Amino acid sequence: MALAETASPDGPIGPSTARLRPAALRQLSDTQAAWLLLTPLLLFFGVSVIYPVIETIRLSFFEIRGLAPPKFDGFGNYIRLFSDANFLNSMKVTLVWALTATFFSVLIGWGLAMLCSLNPQKTLVFRVMIFAAYGVSEAVSGFMWLGIYRPDYGLLNGILEAIGLTNLTQPWLGNPSTALGSVIVAYVWTQVGLPLMTCFASIQSIPKNLFEAAYIDGAKSGSVMRHIIAPLSMPGVRVAIFINLLNSLKAFDLIFMLTGGGPVRSTETVGFFMYRESMLNFKLGYGAASTVILLIAVLVVSIPLILKRTGDAK
Amino acid sequence: MLRMDTTKRTTLLGSAAVLLGLACSAGSALALDGELVMINWLGGAQGEMMEKLQEDFEAKNPGVEIRNVIPQASGDARGGIRAVLMGGEQADLLINTWPAFRAELIEAGMILPLDASYESNGWGEKLGESWQALSTVGEENYGVTYTFGDRSGIWYRTDTMAKAEIDPPATYEEFLSGFGALNAAGVTPISVPAKVWAHAEWFESLLLRTAGADYMTRLASGEASWTDPEVRTALSKWQEMLQSGCCDDGNTMLALDWDISVDAALKTGDAAYVLMGMWLNTRAKQEYGETPGEDFNIVQFPAFDMGHDRESMVDAKELNMLSAVENREAAEAFMGYMLTADAAGIMAEYGLASPSTEVDPSIYDPVIQKSVNEVTSADKLQFVLGDLLPGDLGGEYRIALQRFLQDPSDETIDAVTQQLALVAQGAY
């Protein structure tokens, strides 16, 4: 009541918190105080995100080769990019990579979340273990998966040989037809923890009386999962799709560790193409142009989803 | 009296000025001081070696403190070095191993010619003409080469040869005929790590033996074409080796990184030969605990009898002086130190060779001695081709050779050479 009485007329978020502020801030309205508090963050965001993005866009209009002085080239880099078979290949690889990796990581995470929700107490350790993989650096994961896939003493080929499937053994990362799939499997392993947690949290928010009613009506676990848990956990699934898709578009470390974009560019995503052009071939402007294309792709994916998820927030 | 005083004063002032000048010049010659900043990207055993060299230099020059600027890079360090240089970092010296990068630095005006320093420090007496030629661009010398590697040396385990009952090959015919014996003994004759870059070594050695160093120099500079018969011949020889059972299947080669191949050849004996730089000596000694000359050895790339058998491929590391140098005296002193017997002794501990004439070859283990003899007695030296090619051509070159290994057919040779010629057109 006391708070409501002191509410500022331009307070956007309900009761004013003016009496809780330090003395110097009490003279400010909620809006002014909000701007004041946000300013350091906005400055940091501007320096660490906005400025590099603007600089990257600017660089993309220059032809830069190594340490030679930049030459303004207009849209030359963009025109060359879209006639560069290697870039077009990297777009195709990125599409396959992002969609497949997102589909499987979310599907597996969602499935595990539904199974875990049947007995949350007993599956705590399991959930923590799966989520831990999400926290492991991709470089570390890459090193581990190199050991699994290596052609001579690799774990995977060893297991296949041990169970009599010797004809299936192969150089997983050296064969262009299996390399991308192998890297996706490794990537899904690192990413499945996030969908597991978001979907599990979503399932936990389903009202308990729905389950009670279902069980009273004689529903089995499978029916409960299909008709209650699956549809009502969709908010968590959507968040997981969104985050995993964005992560997969930006993925680099694991590809760098496992295949270096090869063999013969078969695992070269746009992110890796950007690295190759900028840091190995030393064409900074060309690399920047591919970065801008990737940025646009990320924005095309993320903006509609952000608007949909937050546009009607009160 | 006044006149006497003036004369005295003039004499005294003149004497003082001369003494001060002498003191200053003696001081700069004898006591170096200040900070020496070095762009140092070396890692692993070579990084440790550089640390030891720097410590030894600092011990000999107590007034100098070396600070390393370490570029953030994985794999090819040039990207990180460029970022450091373009970011405006002040440094005196740069460690460089890529002639193509040296050319880029010269074009950007970032390194200084060292001819005057060679003259005043007598470095020319410590470095043979062929080593000076390696760091010379046009008429000016831009580097001091402090270590080199014999890249024409094929590495093998002695017990693998015994197991297959063969001798290390001296000729191409012996090389090919040995593949059968090695395969029969359950050993892959050659481990080719084609995941990133090391597969190119075999092509380059074949090109050196069949076309020679002069042709490779012209190819690297864009004066010769990738569609020339010389390139086709080298690829045809490789095709012949592959058809003779030299290697794993193409996909396995593409899955191998250099360390797996080296382990296979020098540690487990699953493969017989590997072709790579001198750092394998360090790896075999320090990581596998093997004895050079007894457990493992090298043999020069076999003779092809095509007129180029006495030519050797080398890699080298040099020091460049940056245009932004602030402590030139200390920078020159460090460059000079790297050509001393003391520095060579430290390098020898790490299995590397110095090109300095001040070095007694007996300090080296038998494997380095052998490679030093091969290189110093070679008619011509050729730098590793991949490091001579401009950026995008260098990248495409290695990928094109991967494509060849996947399908070593005549059609692929056509496609690969045409693709490289196309990329080369826009690369110079």
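User: Which residues point one way from strand 7 of chain B and which the other way, and are they buried or exposed?

Analyst: This is a predicted model, in which local features need pLDDT of at least 70 and side-chain atom pairs count only at pLDDT 80 or more, while totals for chains, interfaces and linings use all residues. Residues are numbered from 1 along each chain as its sequence is written, and chains are lettered from A and ligands numbered from 1 in the order in which they are written. From strand 7 of chain B, Gly153(B), Trp155(B) and Arg157(B) point one way and Ile154(B) and Tyr156(B) the other, and all are buried. A residue is buried if 20 or more other C-beta atoms lie within 10 Å of its own, exposed if 12 or fewer, and partly exposed in between, with C-beta atoms placed from the backbone. Strands (E, at least two residues) and helices (H or I, at least four) are DSSP runs, numbered from the N terminus.

User: Why is strand 7 of chain B called largely enclosed?

Analyst: Of the 5 residues in strand 7 (residues 153-157) of chain B, 5 are buried, so the strand is largely enclosed by the rest of the structure.

User: How many bridges pair strand 7 of chain B with strand 10 of chain B, and how many with strand 9 of chain B?

Analyst: Two strands pair if DSSP finds at least two bridges between them. Strand 7 of chain B has 5 bridges to strand 10 (residues 296-300) of chain B, in the antiparallel sense, and Gly153(B) has Gln300(B) as its bridge partner there. With strand 9 (residues 271-275) of chain B, strand 7 of chain B has 3 bridges, again antiparallel, and Tyr156(B) stands opposite Tyr273(B).

User: What makes Thr291(B) partly exposed?

Analyst: Thr291(B) has 14 other C-beta atoms within 10 Å, so it counts as partly exposed. This residue is found in the loop between helix 14 (279-287) and strand 10 of chain B.

User: How many residues of domain 1 of chain B are in contact with domain 2 of chain B?

Analyst: Two residues are in contact if their C-beta atoms, placed from the backbone, lie within 7 Å. By that rule, 25 residues of domain 1 of chain B are in contact with 21 residues of domain 2 of chain B. Helix 17 of chain B gives the largest share of the touching side of domain 1, 7 residues. The centres of the two domains, taken over C-alpha atoms, are separated by 27 Å.

User: What radius of gyration does chain A have, and what would a compact globule have?

Analyst: The radius of gyration is taken over C-alpha atoms, and the globule rule is 2.2 Å times the number of residues to the power 0.38. A compact globule of 314 residues would have a value near 20 Å, but chain A has 25 Å. Chain A holds 15 helices and 2 strands, and 36% of its 314 residues count as buried.

Notes: Domain bounds come from an automatic or database domain assignment.
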